Amino acid sequence: MDLGFQKGSRSPMGSLQAERGVCTSELMNNLPPLQTKARRREDVVISVAGGSCDEDSQAVAAVAANAEEPEEEQPLTPLGRMFLEPELELFGLCTIGFQNLVDLPQLKQTLRNTLLQNKYFSSIVRKNKRGCPTWVHTEVDIDLIVFEPTGISKADMAAPDFVNNYVAELATAPPIPYTRPLWECHVLNGTTSGNAPAHIVFRIHHCLGDGIAFMSLLFASTRLTANPEKPPPIGCRSRTPQEQQQLTLRPSVVKSIRKMLIFLWNTVCAIVYLLATLLFLQDSNTVLRGCSRRVEREQKRLVHMTIDMDDMRIVKKAVGGTLNDVLLGMVDASLKRYLQTHSNPAEKLRVRAIAMENVRKSGGLQELPAMMEKGSKVRWGNCIGFWIFPFSLKQFSDPLEHVRAAMKVSDRIKASLGGRFTFWVGTVLAYCGVPTLTKLLTWREITQTTLLVSNLPGPAEQIMLGGNPILHMFPVVAGIPQSFCLYMQSYCGKVTLVVMSAKHIIPDPEIIIQFCFDALHEMKKAAVSLT
């Protein structure tokens, strides 16, 4: 389906945009001069459609009160500058399905009073006199950012796969011009995907922040459906009494030394593994791996499936692991089966995934005011590292062994500083003025592997945005030089699995996601039989 993302037309992308092949530096050098105006705290008005200064805006009001004063110019973070580099210019795409049709004027008012109160979402990127990209506050035309696409018939909009196809085409659309804020919101009314009559798709440049940052901002703009006066509870889960008791116990000196030595050894092994991958260790050439250098620009296919989180919890409890371990075990089993259906001897292949890690002091979603405070340990921005996860792809008689094999690897990785090491190296190199080198090293690590796996947490209770209940949501990242990416988003007791692939390399991602579902079903049966 052609959605009309063409240069020179009034497309869902808003105004005229540059071709994907134009370098970021060229686009920024051609920016016209811009008169900027710093906002004052007293100029920030918090209100929503149908009222003003009410409970629906308390979280964002707290940010406006506690955040540092916006400056005329503010430099981008080191990793933010890396995401402006060609070949690694990434966009996050967050799709949200609603219970009712979206009222466009009300949505614009809601976003004007929530997301636009974040200084990064109301700024543009331009170079200063020293040639460094900076954030510059600008007056935002909300009509250029939040809009309904034109030229799409009602029949196409009502097609079951319309939303998936729309997001897949948006993943290869031209970049947002630097003359306006680097985010958009596409409103799709009249859809049927996921039993939701309306969807919105946020398209956000990765230099604005990572998935945790955006989701924390988004959820701070929502309220619980069951209690419209309350925001959704976010942040880290509270420790169980058993976990709290273990923390209060003082380990012996021998155990402490042993734990420290294991931690150091795991860190050294993780760093050596990263360096080996950077220099020579490459994944096997399989039907899953693209050989094209520009695979991120290839046409995409996207499928998603919703599963019950309780099924994953049953497996998690049976093996004593985490939901991440269950996800990796499902992916391991599904990849083995997919490779076997294509006559590849799975056990003899090297197939690895890039797994993202949130390196903030506190994991999970964060309270938005804390993220925006100066010197915060859970600061806004791109606070992400990554580690490389090797899949076993072995034939197990017990399906739960796939999860146990994943646990052995993930426990070893978590007991190390491998993910933080990648974040520190990238940050130091970017601070030294060489974001291009950071981009080259990251690009090399990604292209030496087969796929990317990411997991984002969501609220446990149903929430609503602008008074409209949210039925489901799922994120993807566009621009990653991988032919195959898998994402997991939890929300309201459900888990949404998403697979996005390069169409000419993996034309049937629905088979992979079905294999993941089948693997979970087999693991659940094995877990129930144990009890």
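I354 stands opposite L452 in strand β14. Keep in mind that the model is predicted.

Three bridges join β12 to β14, which covers residues 451-456. These two strands run parallel. On β12 there is another pairing to follow. Seven bridges join β12 to β13, and here the strands run antiparallel. A353 has F389 in β13 as its bridge partner. What holds such strands together? Strands of a sheet pair through backbone hydrogen bonds, either parallel or antiparallel.

Now step back to the whole sheet. Six strands form an open sheet, in the order β11-β18-β17-β14-β12-β13. The pairing is mixed. Which strands stand at the edges? They are β11 (300-308) and β13 (384-390). Each has a single partner strand, so one side of each is left without a neighbour in the sheet. On average, neighbouring strands of this sheet are turned by 20° against each other, direction ignored.

A helix packs on this sheet too. Helix α15, residues 418-431, touches β12 (352-358) and β13. The direction of α15 makes about 135° with that of β13.

Nine bridges join β11 to β18, residues 494-502, and the two run antiparallel. I307 has V495 in β18 as its bridge partner.

Finally, turn to the surface. V253, I257, M260, L261 and L264 form a nonpolar patch there. Together they have about 490 Å² of accessible area. One of these residues, L264, lies in helix α10, which spans residues 253-279. How exposed is L264? L264 is partly exposed, because its relative accessible area is 46% and the term covers values between 20% and 50%.

Conventions:
Residues numbered from 1 in each chain as written. Predicted model: local features only at pLDDT ≥ 70, side-chain atom pairs only at ≥ 80, totals over all residues. Heavy atoms only, no water. Patch = residues over 30% accessible without salt bridge, like charges linked within 9 Å, V, L, I, M, F, W, Y side chains within 5 Å. Areas by Shrake-Rupley, 256 points an atom, 1.4 Å probe, with all protein chains shown as cover. Salt bridge = Lys/Arg side-chain N within 4 Å of Asp/Glu carboxyl O. Helix = DSSP H or I, 4+ residues; strand = E, 2+ residues; numbered from the N terminus. Buried < 20%, exposed > 50% of the residue type's maximum accessible area, 1.4 Å probe, protein only. Pairing = 2+ DSSP bridges. Axes fitted to C-alpha atoms, helices over the stretch in contact; angles between N-to-C directions. Contact = heavy atoms within 4.5 Å.
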